[in-house]
Each structure stands twice: as structure tokens, then as C-alpha cells.
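The sequence and the structure are shown first.

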Amino acid sequence: MKILVTGAGGQLGTDLVRVAGADDRHEVIAAHRDDLDVGDRDAVMAAVTGVAPDLLLHAAAWTAVDACESDPGRAWRVNAFACRNVAEAARIAGSHVVALSTDYVFDGASTRPYVEWDPTNPISVYGLSKRAGEQEVLALLPGSTVVRTSWVCGPHGSNMLKTILRLAAGDGKLRFVDDQQGCPTFTGDLAAMVLGLGVARRPGVFHVTNQGETTWYQFARDVLSAAGIEPNRVEPIATADLDPPRPARRPANSVLDNAALRMSGIALLPDHHDSLERTVRGLL
């Protein structure tokens, strides 16, 4: 199978290329940000129709949540309009698309985990732009796949796990919020599931996360423990007490129920603690 990966240099894209490339049955074409501007319709059309992939894994996105607030034009271009470009080109090329999305399409007000059919209500520019990207793909390319995930971490790129380890290398206390809940998801696990859904051409929206909900406060403690550092260095703080406050609002409840995977009889990703331990060991 010929597979095109956008955002191939990002933290998830890197693992998508690695996992897909490990299977001799696949030919993988890695499109990095410098190779392909996904917001450029003509460039996307030329790249996709030129390659004519069987499967297009669309991982390219602008995920700087706070920066999106100050530059909404860029957010809409990269996260929403780019999905229109990808879907249009894939329709002409006959490619199946798996587009990556986010827990930020929800407002976080639910008292239970979100299932795939819950109403969306983004509360940030990032969330709004990613929800628009979902709509573009699903409307223009019926039968495509949207994968929502959350709290993505891994050995590549920038993420909260690596930030915690960097801060822990200094002295003093670390403060993380204890009133935001979610499911950490590790790129190696996520990449394998995204590839599997794409190869099988599973249509519709899927929530894909590692199992086990937590808070950023507890997650930071777990990271320090895995690194052999005293976890009591981490102190809880409320989101409202962050100084300075974050420009973008975060969902208080970011927990995604992987209901569509479960109903499909597909094995869920492992508990996030297992992947956390493995990732920390690899980074030290």
C-alpha cells in the first residue's frame, strides 16, 4: 500500500512514518512541513495527485494552542482550510484519508468522558479550527476517518512530558494544574492505531487515547517517579491561579471515551502508565 504522511516531521508524524515503514508491504512517502505547505491548495493538489496514495495520513497541524489565539488566521489556514485541500485532492486521487483531531473540540463541561457522538463546542481558536477541519474532511470525503486524541506525548518534538523532565532538571518546586482531566496518549501507540484504522478504511470518528484518566498534576508526579526524581517536588495549582494566565481556555474535562473502537471490537491502547515508563526510560 502506498501511504502519504503529512506533518511527517512532527511528533506523531515521525512515528507514523516509522510504524508504517516497518511493514514491507507499505511504501511510505513522508511530506515534511518544508516539503508541503498544506494551506496551499495548488501544492497539496500537485503532491497528492502526483503520488496518488492509497492512504493519506493527515497529521499536519498547528498545535500551539495559545499562539493560535493571537494568530487565528494561521490557525484557520493550517488546521481547517488545509483539511479542505487534503480532502479535495484525496477525492481526485482516490485516497482514503485519516485526519487527526483533538479533544479540544469539546468544552470540557461534561461530567463524564466524551463519546464520539457528543455535541462539540470548542472554547479556543485551536479547538474551533480543528473542529472545522473535521467538518471539511467528513463533508468533502464521505467514508473518511477522523481520529480524535488527547494530551499527546512521545520522544519526538515538543510535549508536556519533555517539558516536565526539562523543568525537573532545575531546582525548586514544580506547579501543575489539578483541575484539568484527560488521557495522556503516546505517539508510538497512537501511530499503530491510526495506521490500522487507515489500512482497514474504517469510516467515521474514532476517539483514540491511551487508557487511564489523570490530571496534569498527577501526570507530572508520575513522570518524575519514572525518572527516579522525588515526585513531591510537584505541587497542585488551580487553572484560575496560573500566573500569567494562559491565553487559550482549556477544557476542564478532556477525557475521551474510546466507544467506537470498543464497539468495533478493536483492542484499546494500553494504560498510559506503561507507555510513560517506556518513554521516560528512552529519553534519559
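A residue is called buried when its relative accessible area is under 20%, exposed when that area is over 50%, and partly exposed in between. The model discussed here is predicted.

**Cysteines**

Cysteine 83 has a relative accessibility of 5% and therefore counts as buried. A disulfide requires two cysteine sulfur atoms within 2.5 Å, and by this rule the model contains 0 disulfides. Cysteine 83 takes part in no disulfide, for the nearest cysteine sulfur, that of cysteine 68, is 13 Å away.

In soluble globular proteins, nonpolar side chains tend to be buried together. The largest nonpolar core in this model has 28 residues, and the members that touch the most others are Val38, Val44, Val48, Leu56, Cys68 and Val97. Two or more residues come from each of α2 (41–51), α3 (65–70), α4 (72–93), β4 and α5. Helix α4 gives the largest share, 8 residues. Leaving aside residues up to four places away in sequence, valine 97 is in contact with Leu56, Val86, Ala90, Val137, Leu141, Ser144 and Thr145.

**Aromatic contacts**

The whole structure holds 4 aromatic pairs. Two of them are listed below.

| Pair | Arrangement | Centre to centre | Angle between planes |
|---|---|---|---|
| Tyrosine 104 and tyrosine 126 | edge-to-face | 5.6 Å | 75° |
| Phenylalanine 106 and tyrosine 114 | stacked | 4.1 Å | 15° |

In the edge-to-face pair of tyrosine 104 and tyrosine 126, tyrosine 104 belongs to the loop between β4 (96–102) and α5 (125–140), whereas tyrosine 126 belongs to helix α5, so the pair ties together parts that are 22 residues apart in sequence. Tyrosine 104 and tyrosine 126 are both buried. Phenylalanine 106 and tyrosine 114 are likewise buried.

Trp151, Trp216 and Phe219 make up one aromatic cluster. A charged group also meets a ring: the charged end of arginine 74 sits over the ring of tryptophan 62, 4.0 Å from the ring centre.

**Backbone geometry**

Most residues other than glycine have a negative phi, and most peptide bonds are trans. Tryptophan 151, a member of the aromatic cluster, has a positive phi near 45°. Tryptophan 151 is located in the loop between β5 (145–149) and β6 (152–153). Is tryptophan 151 buried or exposed? Its relative accessible area is 8%, so tryptophan 151 is buried.

Arginine 201, which is not a glycine, also has a positive phi, of about 55°. Arginine 201 lies in the loop between α7 (187–199) and β10 (204–207). With a relative accessible area of 40%, arginine 201 is partly exposed.

Where does a cis peptide bond occur? Such a bond joins aspartate 243 and proline 244, with omega about 0°. Proline 244 is in the loop between β12 (234–237) and α9 (259–263).

Note on methods: Residues numbered from 1 in each chain as written. Predicted model: local features only at pLDDT ≥ 70, side-chain atom pairs only at ≥ 80, totals over all residues. Heavy atoms only, no water. Phe/Tyr/Trp six-rings, centres within 6.5 Å; stacked < 30°, edge-to-face > 60°. Helix = DSSP H or I, 4+ residues; strand = E, 2+ residues; numbered from the N terminus. Buried < 20%, exposed > 50% of the residue type's maximum accessible area, 1.4 Å probe, protein only. Lys NZ or Arg CZ within 6 Å of the ring centre and 35° of its normal. Core = buried A, V, L, I, M, F, W, Y, C linked by side-chain atoms within 4.5 Å. Contact = heavy atoms within 4.5 Å.
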